[in-house]
Amino acid sequence: MEHHPSYLQKHASITRSRINNFINDNQWRDVNLKSVIEYLRLSGEPHVSLEVWSAPGQDRPTFEHAAKQKYRPARIGESFGPSWTTHWFRVTVNIPKDFAGRGVRFEMDTSSEAMIWSVDGDPIMGLTGGGGRERHIDYLLTEKASPHEKQRQFYVEMACNDLFGNGDYHQHPQDRNIYYRVNSADLLSHNEPVLALYYDLQVINDMANRISEESPRSWQALAAANAIVNVFEHTDLSTVEPAREIARQFFKAQGGDSNHQVYAIGNCHIDTAWLWPFAETKRKAARSWSTQLQLMDVYPEYKFAASQVQQFEWLRENYPSLFTRIQDKAKTGQFIPIGATWVECDCNMPSGESLVRQFLLGQRFFKEHFGEISDVFWLPDTFGYASQLPQIVRLAGAKYFFTQKLSWNSMNRFPNTTFRWVGLDGSHVLTHMAPANTYAAQCTPGELMDSVKRHKDLAYTNESLYLFGNGDGGGGPLRDMLERLRRMENLDGLPKVKQAHPREFYEHVESTAKDLVAWKGELYFELHRGTYTSQSNNKLWNRQSEFILRDVELLSTIAHSKDTKFGYPADELTRLWKLVCLNQFHDVIPGSSINMVYRDSDKIYKDIFASADKLRQRALDAIYGELPPLTATPEGTGFAVLNTTSWMRTSIVAVPAPLSPVFATQADSSLVQVCKEDGVVLTVAANVPGFGAQIVKPSTHLHNGNAQFVPARVYASETSGSFVLENRHVRVVIDNNGRITSYYDHAEKRELVAAGAAGNVFELYDDVPDYWDAWDIEVYSLEKYHALDSGDITIGEEGPLVASLQLRMSISECSTLTQKISLSAISTRLDFDTNVDWHENRKCLKAAFTWDIRSDLATYETQFGVVQRPTHRNTSWDIAKFEVCAHKFADLSEFGYGVALLNDCKYGHATLENKMTLSLLRAPKAPDEHCDMGHHQFRYAVYPHAGSFNESNVVQEAYQFNVPLQVLPINPSSLLAEGRELPLGQPCFSISGARNVVLDTVKLAEDDKTSYIVRMYEAYGGHARALLTTRLPASSAHKVNILEERMCEDDSNGELSWLSRSKTVEVVFKPFEIVTLKFTS
């Protein structure tokens, strides 16, 4: 029979539509290819029997518990819920002889996530019900059924949530109740040749649609697909083979040697918490990863990478048999543990030490359970990457970095794909950003073509990584993705693609790429800037947990060195650091998770603080245990304070209540203050040594030898109606709205506030982002705000040590702010202790300060250093940084003078010309409709300083603002009477010769209880030669990496020189270098 010519080139769009209709699930389903993909489907008795047991409340019981329960009959069409509940099905199947000789699958669609378990309690694979591309509801019972199959029984654990939580989080609260319908529970056999033809056509059709019509290959694909449609007849399955032969002929054409090489790796990015709680993530990991193990058995070429060590640990604890299977597949190279960190953490807000612990915990787990560490830092979805990461990555034994998130930039397209990322200190890591611009690719020809089209560095390297598999909520790659990959492996018209370990890609680039470009400094993400501020209390507790664990480790190390019988709490500290690192996941600390997650994180922080407080007290008891407790006795004439920073400092402290009467009556009245508000007695603790303690006595601290002591005072200005706070250093004028209208430095004879401007101006902004509510502050929000001006201010404390004002401000009809503005007698620093009752809707509250200072750059603290960012908006790159992240301070300095803005828990900053702003609170409504509603307490401060930032002590002052002196609960009177020295009266560590070096961390070594670790960093961006002296036992010192492995030393350059008699080590620092030392006794 002759065929009429189609002239398809003349009506290509019509032909494309024809082919789409032939393979899609649409109105033509009864006559197109879909009509014969299934051979046979059976449901109901006697083929499938369902029984169910519903767990109480939101319990997630173990298999062992669920299997013992009493089950009732269940039916198709029945709904289960409410949301976040769990229902266990006992499934009994009888495969009839109709399926003999064929593969048989069980399909169950619960409209939700589910897990299939064997009757022996082994997790087999996950299911994802409902619609969408993530749908996966089939479980292979047998590859070839016999005529007399035995009855099978297994369990299905139904979780009443879908892959992305509990419905549309933009529109509905995530704690609402949804019921999920069981839509099917069937036995199914496919016509496998028809299914194979379907995969053939998916590839050919997408090539016809995506390859340019200027290429003959596009027309070849269209012609082949059209020919298949012409050959196939749904009523005659003998036409399948000739149709497949057309496809095979098309697939025979291979690409050339110069084609782009794509390295494909399966993955299923699982957010450790986001639209679901931590507890559900434990099950998500098991569901997703067990499914991948099933695919590996069918597709031996398949390789799958999984990151986030926390999820591995959960799996080991809750699914030990599954974890063992993963270890076995890791040995074959199919299952690839990757990433190096405990979770895929936020990289903006965690401290430097927190990032160190992310790597330390992650790499140690990988080494212990998989025999090797990861050399790839894997963060596909994190919201920006701090400039010290290259150095930290290298110090953690890794050297490669992967992400793709900067493809989401809202203003500027990031210019590089494969490049060397250079950090603050000059360290670099080979970095790649997948040009397909996704970590959830679906294995289509168009995506592979995008890997070439969007690649920005083809001049230097002709390869790219390609991450495929459903993600965010897990799921991972599916069978159809792997089938398409097989067909596209080496196909003319497409890049070559092979499945490979990411390391293979990086090593090949490393060995073949020429002249890769470099990017210096932070990888700033031009989106999700609101995450620096959302969930304010969560950020406060993160900061506090970082500092309390720092103190616990320091004191426990000292206690252990004093008495080796003191049991260093290594296991408990590891547990607490794991919790801190868990809450630093990139959707938790940024504030972009549902309310349920923050109820969990609140409990975690309470656990951290309760345990850390006990550990700290235990260490103090071991150090000072011989001394009596502090009580009101005639001998109680002094108390002790402890300084856990590494430099000497003078601070105003509260006298312990038992000694308040003694100080109030015996001390010089100018150096003691009884607070009006609460009766607390204040005094001065002068020159307390770094990492040391000192006794404060009322009879000996008079002026501390300083005859020029000037009390702090506060008074109302008779001429302006404003109020004045003044000490020997500065005079600050504040109006009735709490605004600073003048800040005058006596020594420098300098006014800091620009003419007509003010500081501490509260600005309330409209905060309605383009799409991502909790995530984003948009640039247009800067156009719509108003300054609050309904304040009322009164005099609080009147000196001599602290003078203060009390401000009450109405923010709106719903929200109020109260603030104590205080100036001590001993500093230029002005403190703002703030309480806010916050009940707003999509508003952002900021505090703004406009200074008489001009600089093109502002300085912001980052992990182990600082970054400088423009204060102008010359380019689109500058404009994009209208909101940036900083840790304990931001600083604006010119030659000779500067002002720093300190904080105890805030991260969102901006500096435009001479105006600095600090973002205080936001009020987004999704995905947590209660985000930040309620009471907040936080502190910030202004710290003027002579000299530019590099000449200042801003880094030290910011530490002191966050780490107050600790009053020790001991009575040192017996020491005074006997002339003995207070324990730690001499600093246990001291640094000389390098004021730009900060000693940040002291801890016991991980695997050597006779050694301890000291971590320091250069903070200002210069070289240094520091002498570090320890008074703890030590016979040697060596430089180690952050995994505490010994590094090579070059003594000829003087990098490390040990002076055994004085127990002093000389360390040479490069700018912003992190140095970790291991002292062994």
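Predicted model: local features only at pLDDT ≥ 70, side-chain atom pairs only at ≥ 80, totals over all residues.
The structure holds 61 aromatic pairs. One of them is formed by Tyr-139 and Phe-154. A pair of aromatic rings is described by the distance of the centres and the angle of the planes. For Tyr-139 and Phe-154 the centres are 5.5 Å apart and the planes stand at 85°, an edge-to-face arrangement. Tyr-139 lies in strand E9, whereas Phe-154 lies in strand E10 (residues 152-159). The pair therefore ties together parts that are 15 residues apart in sequence.

A second open sheet has 3 strands, ordered E27-E23-E48. Its pairing is antiparallel. The edges are held by strand E27 (692-696) and strand E48 (966-968). Each edge strand has a single partner strand, so one side of each is left without a neighbour in the sheet. The twist from one strand to the next averages 35°. Strand E23 (residues 639-643) is connected to E27 by 5 bridges, with the two strands antiparallel. Here Val-641 stands opposite Gln-694 of E27.

Two helix pairs were examined. Helix H6 (residues 278-298) packs against helix H7 (residues 309-318) at an angle of about 85°, and their axes are 9 Å apart. H6 and H7 are therefore roughly perpendicular to each other. On the H6 side, the contact is made by Phe-278, Thr-281, Lys-282, Ala-285, Ala-286 and Trp-289. H7 contributes Gln-311, Phe-312, Trp-314, Leu-315 and Asn-318. By class, the contact of H6 with H7 has 7 nonpolar, 3 polar and 1 charged residues.

Helix H14 (residues 536-562) and helix H15 (residues 570-582) form the other pair. Their axes come within 11 Å and cross at roughly 160°. H14 and H15 are therefore roughly antiparallel to each other. The crossing of H14 past H15 is left-handed. From H14, the contact includes Asn-542, Ser-545, Leu-549, Val-552 and Glu-553. These residues meet Leu-573, Leu-576, Trp-577 and Val-580 of H15. The residues in the contact of H14 with H15 divide into 6 nonpolar, 2 polar and 1 charged.

Backbone geometry was examined next. Most residues other than glycine have a negative phi, and most peptide bonds are trans. The peptide bond joining Gly-81 and Pro-82 is cis, with omega about 0°. Pro-82 sits in the loop between strand E4 (79-80) and strand E5 (86-93). A cis peptide bond also runs from Gly-799 to Pro-800, where omega is near 10°. Pro-800 is placed in the loop between strand E35 (791-798) and strand E36 (802-810). Asn-437, a residue other than glycine, has a positive phi near 60°. Asn-437 lies in the loop between strand E19 (428-433) and helix H11 (445-453).

Notes: Residues numbered from 1 in each chain as written. Heavy atoms only, no water. Axes fitted to C-alpha atoms, helices over the stretch in contact; angles between N-to-C directions. Helix = DSSP H or I, 4+ residues; strand = E, 2+ residues; numbered from the N terminus. Parallel < 35°, antiparallel > 145°, perpendicular 65-115°, else oblique. Left-handed = near helix turned anticlockwise from the far one by under 90°. Contact = heavy atoms within 4.5 Å. Nonpolar A, V, L, I, M, F, W, Y, C, P; charged D, E, K, R; others polar. Phe/Tyr/Trp six-rings, centres within 6.5 Å; stacked < 30°, edge-to-face > 60°. Pairing = 2+ DSSP bridges.
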